[in-house]
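Here is a short report on one protein model. Keep the structure in view as you read.

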Amino acid sequence: MEEIHDIVIVGGGISGLATALALQRKGIKSIVLERHETLRSSGAAIGMFINGWRALDELGVGRRLREKSLALMEIQDVWIHKDVSRVTPCRKEGLRCLRRSDLIDALASSLPAECIRVGCQVVRIEPDPLTLFPTLYTREGEIIKAKVLIGCDGWNSVVAKCLGLAEPKTLRNLVIRGVTEFSKGHQFGDSFVRQFDDKMLFGMIPIDHQIIHWFVDWLPTSTDMETSTRNPDMIKELATAKLRNHPPETLEMVRNGEPDSLSLARIRYRSPWDLLLSDAFHRSTTCLTGDAMHVMGPFLGQGGAAALEDAVVLSRNLAMALRKGEEDDGEVTVLSDEEIKRRVGLGMGEYVRERRRRIALLGLQSYLMDLIYSGSNVYKLVGLVVLMVFFRGEMLKHTEYDCGRL
Ligand SMILES: Cc1cc2nc3c(=O)[nH]c(=O)nc-3n(C[C@H](O)[C@H](O)[C@H](O)COP(=O)(O)OP(=O)(O)OC[C@H]3O[C@@H](n4cnc5c(N)ncnc54)[C@H](O)[C@@H]3O)c2cc1C
């Protein structure tokens with residue numbers, strides 16, 4: 001079986017669906033290939049700062065998603081072992097937390113059904129010997145020819161490998177994430193609370209007045225290192241063991257976590273210097289977005305928002321490059337293969353140029369936060385100094401970024 005498509009997007013997560021939707025809003029059709037039988041996004045929920053909401057508004061789904069989440073007023077940081085705390089007010093509408101399933105549903109339901117193909121795992125990509133456009137081979141035996149290929153397939157991206165990008169690195173941290181519903185309402189108000197303990201971070205962020213997203217991030221011991229499970233009971237057991245010094249209400253919340261929402265994950269990242277210097281984010285008519293390009297630690301809560309920004313910036317540049325000249329004569333011209341390569345190459349090159357500084361700075365800030373949080377005293381000091389030099393202590397400055405109009 002052999003098919004030909006103009007634009008193929010590999011991966012139906014936040015990044016792939018947002019890219020397909022952004023392209024659609026520019027009048028450009030694409031097809032998303034997702035390896036799982038259903039669309040899903042592990043990790044229960046996602047914090048979304050104002051920069052992410054701007055991108056969601058450009059995609060036309062901001063309003064309906066705001067209805068499903070509470071505007072949060074402040075971030076409370078507590079260093080338990082030092083008895084120190086800090087409250088950072090959020091700008092109006094600055095931060096909300098979304099169930100990942102709500103985000104995926106909003107993006108997917110804005111696309112025509114035929115734009116998404118589930119149960120389709122790309123296993124190999126090779127250039128067509130005649131045209132040099134990419135040919136995709138799937139586990140299910142399909143051969144799909146694409147003129148444009150966009151890799152939105154997460155940190156272990158098959159498209160990134162075909163572009164020659166090195167594998168991302170792995171942090172030592174483990175993270176458990178979950179969601180708990182309080183049928184009579186919770187008592188956590190509208191604050192995002194982060195409690196830092198010795199080598200452990202526990203966070204609670206309300207999605208609405210009844211639902212809390214929580215996470216435990218810690219540096220594992222040698223026994224934890226071996227833990228790799230999807231069993232909800234085992235995940236709860238591990239989380240409650242880590243939180244044994246916390247109040248009984250916290251333990252109760254973890255025990256009541258929705259089984260489907262629970263996950264235990266390792267953290268991957270690309271180093272800031274790779275993000276700044278790599279020349280493998282784009283080649284000819286293939287490029288990357290989202291975690292496939294710039295997977296980063298969760299310390300800023302920006303990976304998903306950055307993927308939404310990518311979608312807007314890439315689609316804007318592709319649309320501009322493909323339409324060049326049309327405005328003059330109003331005619332839609334059929335482009336030759338060589339002209340497609342030239343125009344898409346220019347559009348993708350501009351996209352990478354526009355995104356590089358942004359993702360390198362996010363990657364750097366996230367990397368420094370990890371150093372401060374889990375490094376030795378010397379690394380902590382280095383991390384703090386570099387953070388002060390580069391970011392002048394303005395820890396939420398990156399959330400003000402505007403990726404521009406679609
Ligand atoms: C602990 C933690 C907390 C986080 N918190 C936040 C937060 O608060 N805010 C925020 O903005 N971001 C956060 N992030 C980051 C965010 O989750 C990611 O950046 C985001 O999910 C990336 O989306 P993606 O679509 O690029 O990749 P993914 O979500 O990994 O999606 C990739 C998709 O591609 C599919 N796929 C993979 N390979 C293939 C293939 N070969 N063929 C077909 N399909 C394939 C996968 O099945 C998947 O559906 C957090 C991350 C972690 C680990």
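## Arg 343 and its neighbours

Arg 343 touches Ala 321, Leu 322, Arg 323, Lys 324 and Leu 335, leaving aside residues up to four places away in sequence. Touching, or contact, means heavy atoms within 4.5 Å. Arg 343 sits in helix α13. Arg 343 is buried, because its relative accessible area is 12%. Buried means under 20% relative accessible area, exposed over 50%, and partly exposed in between (1.4 Å probe, protein chains only).

## About the model

This is a predicted model: local features need pLDDT of at least 70, side-chain atom pairs count only at pLDDT 80 or more, and totals for chains, interfaces and linings use all residues. Residues are numbered from 1 along each chain as its sequence is written, and side-chain values use heavy atoms, with hydrogens and water left out.

## Two packed helices

Two packed helices are described by the angle between their axes and the distance between the axes. Helix α11 covers residues 303–323, and helix α13 covers residues 337–374. They pack at about 155°, with axes 8 Å apart. That makes α11 roughly antiparallel to α13. Angles over 145 degrees count as roughly antiparallel, under 35 as roughly parallel, 65 to 115 as roughly perpendicular, and the rest as oblique. Axes are lines fitted to C-alpha atoms, for helices over the stretch in contact, and angles run from 0 to 180 degrees between N-to-C directions.

Which residues make the contact? On α11 they include Ala 306, Val 313, Leu 318 and Arg 323. On α13 they include Arg 343, Met 348, Tyr 351 and Leu 362. The contact residues divide into 10 nonpolar, 2 polar and 9 charged. Ala, Val, Leu, Ile, Met, Phe, Trp, Tyr, Cys and Pro count as nonpolar; Asp, Glu, Lys and Arg as charged; the others, Gly among them, as polar.

## A covered helix

Helix α2 spans residues 50–58 and is mostly covered. How many of its 9 residues are buried? The count is 7. Among them are Ile 50, Trp 53, Leu 56 and Glu 58. Gly 60 follows α2, and its phi is positive, near 85°.

## The whole chain

The protein chain has 14 helices and 17 strands. Helices (H or I, at least four residues) and strands (E, at least two) are DSSP runs, numbered from the N terminus. Of the 406 residues, 53% count as buried.

The C-alpha trace spans about 65 × 45 × 40 Å along its principal axes. Among contacts with a separation of 6 or more, 74% join residues 24 or more positions apart.
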